[in-house]
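This report describes one protein model for a reader who has not seen it before.

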Amino acid sequence: MGGPMELLSAACNVLLVLVFGAAAVGKVRTSASLTAFAEAVVVLGRVPTRRAGAVAKGIVALEAATALLLLIPPLRSTGLLLATVLLAAFTLVVARALRSRVPVSCRCFGGSAGPLGPPQLTRNAVLLLGVLGAAPGALDPGPLVWQAQFTAWLGGAVAALVLVTGEELIALLRRPTAHTTLRH
């Protein structure tokens, strides 16, 4: 049947599957999005331009592999390890860019052209907590009834949606509206 910890673990796993899957798909959905990501790799990763395309494709492959590994119960712990390594590397790269004040867009999910900032660090921290939350299920995935599986997928999907669209949500909230600019 599964208890609250199994449900949380399954929801965290779904979150990670969807976020890593969205990151990989978002970067390769058009040639322009892959090119934009490769350009970001030059600045963020301090990668020579001639190698940026290969490095960008390698990152996309690792993100896709992470999502796939997390979907296969016997390989889930390997997926969590890969997720941890990728998230740690992404966090270091973002922190270094913020410290050096290099203006660069994230391109984390392909299309976003917003500048790097604290939201990306926060997202990575939440995803690292998701790795911790998913870990018990990787070690001992308890059986979940279909209702609990549905709940885990729904909760993980909602959390993934918020994290993947977070930059756009923040931009929308910061955008002045006609109501806030009217003067009496």
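## A buried arginine

Arg 123 counts as buried, since its relative accessibility is 7% and the cut-off for buried is under 20%. The model in which this residue sits is a predicted one. Arg 123 belongs to helix α5. Setting aside residues up to four places away in sequence, Arg 123 touches Cys 106, Cys 108, Phe 109, Leu 163 and Glu 167.

## The chain as a whole

The protein chain holds eight helices and zero strands. Read from the N terminus, its elements follow the order α-α-α-α-α-α-α-α. The chain has 184 residues, of which 37% count as buried.

Contacts between residues at least 6 apart in sequence show how the chain is joined up: 70% of them link residues at least 24 apart.

In soluble globular proteins, nonpolar side chains tend to be buried together. In this model, the largest nonpolar core has 30 residues, and the members that touch the most others are Leu 16, Val 19, Phe 20, Leu 80, Leu 116 and Leu 127. At least two residues of this core come from each of α1 (4-28), α2 (31-44), α3, α4, α5 and α6 (146-164). Another core lies apart from it and has ten residues, including Ala 24, Leu 34, Val 47 and Ile 59.

Leu 116, one of the members named for the largest core, is in contact with Leu 44, Val 94, Ala 97, Leu 98, Val 104 and Cys 106, when neighbours within four places in sequence are left aside.

## Helices α4 and α5

Helix α4 covers residues 76-100 and helix α5 covers residues 118-139; their axes are 10 Å apart and the packing angle is about 165 degrees. The angle makes α4 roughly antiparallel to α5, because angles over 145 degrees are classed that way. Their crossing is left-handed.

On the α4 side, the contact involves Arg 76, Ser 77, Leu 80, Ala 83, Thr 84, Leu 87, Phe 90, Thr 91, Val 94, Ala 95 and Leu 98. On the α5 side, the residues are Pro 118, Gln 120, Leu 121, Asn 124, Leu 127, Leu 128, Val 131, Ala 134, Ala 135, Gly 137 and Ala 138. By class, the residues of this contact are 15 nonpolar, six polar and one charged.

## Helix α1 and its partners

The axes of α1 and α6 come within 7 Å of each other and cross at roughly 40 degrees. This angle makes α1 oblique to α6. The crossing of α1 past α6 is right-handed. From α1, the contact uses Leu 7, Ala 10, Ala 11, Val 14, Leu 15, Leu 18, Val 19 and Ala 22, and from α6 it uses Ala 148, Thr 151, Ala 152, Trp 153, Gly 156, Ala 157, Ala 159, Ala 160, Leu 163 and Val 164. The contact of α1 with α6 has 16 nonpolar residues, two polar ones and no charged ones.

With α4, the axis of α1 comes within 12 Å and the two cross at roughly 60 degrees. The helices α1 and α4 are therefore oblique to each other, and α1 passes α4 in a left-handed crossing. Here Asn 13, Leu 16 and Phe 20 of α1 meet Arg 76, Leu 80, Ala 83, Leu 86 and Leu 87 of α4. This contact of α1 with α4 comprises six nonpolar, one polar and one charged residues.

## Residues to look at

Asn 13 is part of helix α1. Its relative accessibility is 7%, so Asn 13 counts as buried. Leaving aside neighbours within four places in sequence, Asn 13 is in contact with Leu 70, Arg 76 and Ala 134. Thr 66 lies in helix α3, which covers residues 49-71. Thr 66 is buried, with a relative accessible area of 0%. Beyond its neighbours within four places in sequence, Thr 66 contacts Phe 20, Gly 79, Leu 82, Ala 83 and Leu 86. From Thr 66 to Arg 76 is ten residues in sequence and 8.9 Å in space, C-alpha to C-alpha.

Is Pro 73 buried, partly exposed or exposed? At 41% relative accessibility, Pro 73 counts as partly exposed. Pro 73 is placed in the loop between α3 and α4. Pro 73 and Leu 139 are 66 residues apart along the chain, and their C-alpha atoms are separated by 9.2 Å.

Conventions:
Residues numbered from 1 in each chain as written. Predicted model: local features only at pLDDT ≥ 70, side-chain atom pairs only at ≥ 80, totals over all residues. Heavy atoms only, no water. Axes fitted to C-alpha atoms, helices over the stretch in contact; angles between N-to-C directions. Helix = DSSP H or I, 4+ residues; strand = E, 2+ residues; numbered from the N terminus. Parallel < 35°, antiparallel > 145°, perpendicular 65-115°, else oblique. Left-handed = near helix turned anticlockwise from the far one by under 90°. Contact = heavy atoms within 4.5 Å. Nonpolar A, V, L, I, M, F, W, Y, C, P; charged D, E, K, R; others polar. Buried < 20%, exposed > 50% of the residue type's maximum accessible area, 1.4 Å probe, protein only. Core = buried A, V, L, I, M, F, W, Y, C linked by side-chain atoms within 4.5 Å.
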